[in-house]
Amino acid sequence: MVKARKYVVKKHFEGIPKREDFEIVEYDLPPLQNGELLVKAEWVSVDPYQRAYNSKYPVPYDQFGFIVGEVEDTRNPRFTIGTKVVTHNGWCDYCVVNPNESKGMFDFVYKLPDLKGLSPSVGIGAAGMVGITAYFGFLEICQPKAGETVVVTGAAGAVGSIVGQIAKIKGCKVIGFAGTDDKVAWLQNELGFDKAYNYKTCNVNEVLKVAAPNGVDCYFDNVGGEMSSIIIGHMNDFGRVSVCGSISAYNDDVSQLPRAPILQFHVVMKQLKIEGFLVHRWLNRWPEAIEELCKWVFEGKIKTKEHITEGFDNIFNAFVGMLAGDNTGKALVKL
Ligand code: NDP
């Protein structure tokens, strides 16, 4: 009998999530049935959607999220002991999964791609859901062309840092906004962004006049709010906006969301396309994205950075730290 631990959300979050909103539950895993695997979690992902989706689920619920783990026992011939897998079983140290019943975004089990010696954690970072979000959310919706100007917010985070690098691969000029001077330096000096700014200390409107004097063609929006409205005011005719998330408001009470300047004038006058997406829209094409992202990582065209917290008991701290901007690159917990 294997004892497992998992985080259960027992109360809906109000504002910044609190430790008391969670309970760590220890329980006995059932014996494996045909097709099932016993997976020992090694890397746990903390992500903004774990905050954003909270009000959608009745409590209590098991905290969902991606993990990389190793098969410790198996009753599935396709997954031998020692196989590394990616699953969406959430904040746990052990779980039982059945790859034969893997149907979609929230009950995924797939083999970790061959990362050629890179840390398995890349499988839930650049070569996982967040990289895939950058890949499809940017390429499919923004349809970037060489020479165009691209703006990315949340630029030093897991998704944003990949979007900016894909934009460079495609020959675009890239401007990023992030929340600290160190993040700005990383974007400009290591990732090759043409320009980056600390949105907390700059005047977004003024810096865009300098950095994008000919306007913005593509905007990848991770944050929403007033900053996004200002950026959209700089778009060129037929500009494309990919709306990936709105983290600036995830901790806000939905009945009291902040006001942002009106967008319709720019949308009409510049004939903009603004499109939201969920990454599982392209679920049947995830393997294509993983292959391409891995290739770019191996070639050094995409650089990855991880913000690693250690220990099962610290997953909550890693989560609220990520929401507060502690991370540069992908926020992860190593068990
Ligand atoms: P990040 O790694 O970017 O981490 C979150 C970052 O958000 C923090 O590091 C912080 O960086 C920034 N942030 C926090 N508060 C604010 C604020 N008030 N204003 C601006 N930035 C803020 O997370 P991800 O890359 O995983 O996610 C980025 C976005 O992508 C999120 O909105 C998420 O919901 C979305 N997403 C959407 C998906 C989809 O299918 N549509 C799939 C996956 C993610 P800083 O220091 O710069 O403030």
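Reply: Start with C244. A backbone N or O atom of C244 lies 3.0 Å from a nitrogen atom of the ligand. Keep in mind that this is a predicted model. V159 also uses its backbone. One of its polar backbone atoms is 2.8 Å from an oxygen atom of the ligand. N327 uses its side chain instead. A polar atom there lies 2.7 Å from a ligand oxygen. How much of the ligand's accessible area does the protein cover? On its own, the ligand has 910 Å² of accessible area, and the protein covers 90% of that.

Now take the whole shell. It counts 27 residues around the ligand. Those that come nearest are V159, K183, Y199, Y250 and N327. Sorted by class, the shell holds 16 nonpolar residues, 10 polar ones and one charged residue. Three helices each supply at least two residues to this shell: helix 2, helix 3 (158–169) and helix 9 (315–323). Helix 2 gives the most, with three residues.

Take helix 9 to begin with. Is helix 9 enclosed or open? Eight of its nine residues are buried, so helix 9 is largely enclosed by the rest of the structure. The buried ones are I315, F316, A318, F319, V320, G321, M322 and L323. What do they pack against? On the strand side, their partners are strand 1 (3–9), strand 2 (22–28), strand 3 (37–45), strand 15 (306–310) and strand 16 (330–334). Helix 1 is a partner too. Just after helix 9 comes G325, with a positive phi of about 95°.

F319 leads on to the largest nonpolar core. This core has 87 residues. The members that touch the most others are V46, F138, I166, L187, W286, L293 and F319. Helix 2 (residues 129–142) supplies the largest share of this core, with 10 residues. Apart from this core lies another, of 18 residues, among them Y197, V207, V216 and I231.

Look at F138. Leaving out residues up to four places away in sequence, F138 touches T133, Q143, P144, V150, V163, I166, A167, C218 and F220.

One of those neighbours, Q143, has a feature of its own. Q143 lies in the loop between helix 2 and strand 9 (149–153). Its phi is near 45°, a positive value in a residue other than glycine. Is Q143 buried or partly exposed? Its relative accessible area is 44%, so Q143 counts as partly exposed. Q271 makes a second example. It has a positive phi of about 50° and is not a glycine. Q271 sits in the loop between helix 7 (264–269) and strand 14 (273–276). At 47% relative accessibility, Q271 is partly exposed.

Another backbone detail is a cis peptide bond. It runs from V59 to P60, with omega near -5°. P60 lies in the loop between helix 1 (49–52) and strand 4 (61–62).

Finish with two residues described one by one. S228 belongs to helix 6 (residues 225–232). Its relative accessibility is 4%, under the 20% limit, so S228 counts as buried. The side chain of S228 makes a polar contact of 2.8 Å with that of D221. Leaving out residues up to four places away in sequence, S228 touches Y219, D221 and V223.

E190 is found in the loop between helix 4 (181–189) and strand 11 (195–198). It is partly exposed, with a relative accessible area of 45%. With residues up to four places away in sequence left out, E190 touches A185 and K303. The C-alpha atoms of E190 and V333 are 24 Å apart, and 143 residues separate the two along the chain.

How values were computed:
Residues are numbered from 1 along each chain as its sequence is written. This is a predicted model: local features need pLDDT of at least 70, side-chain atom pairs count only at pLDDT 80 or more; totals for chains, interfaces and linings use all residues. Side-chain values use heavy atoms; hydrogens and water are left out. A nonpolar core is a set of buried Ala, Val, Leu, Ile, Met, Phe, Trp, Tyr and Cys residues joined through side-chain atoms within 4.5 Å. Buried means under 20% relative accessible area, exposed over 50%, partly exposed in between (1.4 Å probe, protein chains only). Helices (H or I, at least four residues) and strands (E, at least two) are DSSP runs, numbered from the N terminus. Contact means heavy atoms within 4.5 Å. A residue is near a molecule or strand if one of its heavy atoms lies within 4 Å of it. A polar contact is a pair of N or O atoms within 3.5 Å; within protein, one must be able to donate a hydrogen and the other to accept it, and residues adjacent in sequence count only if both atoms are side-chain atoms. Accessible areas come from the Shrake-Rupley method with a 1.4 Å probe; for residues, only the protein chains shown count as cover. Ala, Val, Leu, Ile, Met, Phe, Trp, Tyr, Cys and Pro count as nonpolar, Asp, Glu, Lys and Arg as charged, and the others, Gly among them, as polar.
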